[in-house]
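I opened my notebook to jot down what I could look up in this structure. Here is the model I worked from.

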Amino acid sequence: MIQIIPSIAINEGKVIRLQQGDFSKEKVYDQSPIDLAKTFEDHGIEVVHLVDLDGARRGQPVNYHILEAIAGYTGLKIDFTGGIHTDGDISKAYEYGASYITAASVAVSRKELFSSWIISYGREKITLGADAINGKIAIRGWQKSTDLDIMDHIEYFYSRGLKYVKTTDISKDGVMQGPAFELYQNIIDQFPDICVLASGGVRSVDDIKRLNDMGVFAVIFGKAFYEGRIKLKELEQFLVKA
């Protein structure tokens with residue numbers, strides 16, 4: 001069964017959503033990150049994706065205090081991402097309550113370092129963020145484009161023990177026109193042992209059902225929930241405990 005992971009994106013202390021990574025298309029939601037996290041936990045969700053947008057743009061995490069608060073007030077497992085570039089950043093994230101980290105930019109700029117994390121911290125604790133537009137990786141909170149092909153990028157770390165990859169087709173993000181089904185299918189076909197966390201474009205429970213049927217490991221969603229397109233009650237079918 002696909003894992004359900006709501007996203008909480010933080011910019012300047014507020015919960016926001018962007019459209020295609022564009023900060024000029026920011027929408028602020030009038031809910032505190034802690035209250036949101038508690039709501040998710042109350043509905044049986046076990047993992048949240050906490051995005052430090054300030055950290056992604058600055059190149060080092062900023063919102064450790066929000067990570068610490070969510071970890072302290074809930075029993076949720078937290079996948080923390082945004083600006084993680086050093087061993088110190090990871091150590092601090094775990095210290096403040098992260099269960100896992102997702103890193104993207106460092107996997108482009110310092111491939112050997114990211115590869116070493118898979119070994120030193122364990123492949124269950126490290127997720128590659130491989131977000132792309134037109135098949136090319138984008139980094140630094142999607143503000144910087146590269147010429148790096150997404151499949152080549154995943155292959156490099158897959159051959160070095162990578163288990164989890166979080167992938168967003170940036171053109172799909174925040175526009176609620178459906179996930180990049182073809183991209184996820186290609187990744188699953190090419191890397192059968194990898195666990196794909198699909199992110200971006202989810203607009204309904206039907207999209208989640210289709211991703212589940214494809215064999216996607218987890219779905220990360222945000223705007224569809226914040227805009228009322230997906231109700232937490234609807235997600236209970238995916239949250240049944242064994």
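Predicted model: local features only at pLDDT ≥ 70, side-chain atom pairs only at ≥ 80, totals over all residues.

Residues are numbered from 1 along each chain as its sequence is written, and side-chain values use heavy atoms, with hydrogens and water left out.

Where does Glu12 sit? I found Glu12 in the loop between strand E1 (3-11) and strand E2 (14-19). Helices (H or I, at least four residues) and strands (E, at least two) are DSSP runs, numbered from the N terminus. I looked up the phi of Glu12 and got a positive value of about 55°, although Glu12 is not a glycine.

Asn134 is in the loop between strand E8 (132-133) and strand E9 (136-139). I noted Asn134 as exposed, with a relative accessible area of 76%.

Next I went through helix H1 (residues 33-42), where Pro33, Leu36, Ala37 and Phe40 are buried. Those residues are on the same side of H1, because they cover an arc of only 100° around the axis; the arc is that of the directions from the helix axis to the C-beta atoms. Just after H1 I wrote down Gly44, with a positive phi of about 95°.

How do H1 and helix H3 (residues 64-73) cross? Their axes come within 9 Å and cross at roughly 35°. Axes here are lines fitted to C-alpha atoms, for helices over the stretch in contact, and angles run from 0 to 180 degrees between N-to-C directions.

Which residues make the contact? From H1 I listed Pro33, Ile34, Ala37 and Lys38, and from H3 I listed Ile66, Ala69, Ile70 and Tyr73; contact means heavy atoms within 4.5 Å. By class, the contact of H1 with H3 has 7 nonpolar, no polar and 1 charged residues. For that tally, Ala, Val, Leu, Ile, Met, Phe, Trp, Tyr, Cys and Pro count as nonpolar, Asp, Glu, Lys and Arg as charged, and the others, Gly among them, as polar.

In H3 I found Tyr64, Ile66, Leu67, Ala69 and Ile70 buried. Their cover includes E1, H1, strand E4 (47-52), strand E5 (77-81) and helix H4 (87-95).

**Cores**

I then looked for nonpolar cores, meaning sets of buried Ala, Val, Leu, Ile, Met, Phe, Trp, Tyr and Cys residues joined through side-chain atoms within 4.5 Å. The largest has 72 residues, and Ile4, Ile8, Phe114, Leu211 and Leu235 touch the most other members. Not counting residues up to four places away in sequence, Leu211 touches Ile2, Pro179, Phe181, Tyr184, Ala198, Val202, Val216 and Val219. I also noted a second, separate core of 7 residues, including Val47, Cys195, Ala218 and Ile220.

**Some buried residues**

Is Ala130 buried or exposed? Ala130 counts as buried, at 0% relative accessibility. I located Ala130 in the loop between strand E7 (126-129) and E8. Leaving aside neighbours within four places in sequence, the contacts of Ala130 include Ile137, Ile150 and His153.

His153 lies in helix H7 (residues 150-158) and is buried, at 0% relative accessibility. Beyond four places in sequence, I found His153 in contact with residues including Ala107, Val108, Leu128 and Ala130.

Trp117 lies in helix H6 and is also buried, at 0% relative accessibility. I checked Trp117 against Thr86: they are 31 residues apart in sequence, and 9.8 Å apart in space, C-alpha to C-alpha. Thr86 is among the contacts of Trp117.

My last entry is Ser115, in helix H6 (residues 111-120). Ser115 is buried, with a relative accessible area of 10%. Setting aside neighbours within four places in sequence, Ser115 is in contact with Tyr156, Phe157 and Arg160.

Key
Buried < 20%, exposed > 50% of the residue type's maximum accessible area, 1.4 Å probe, protein only.
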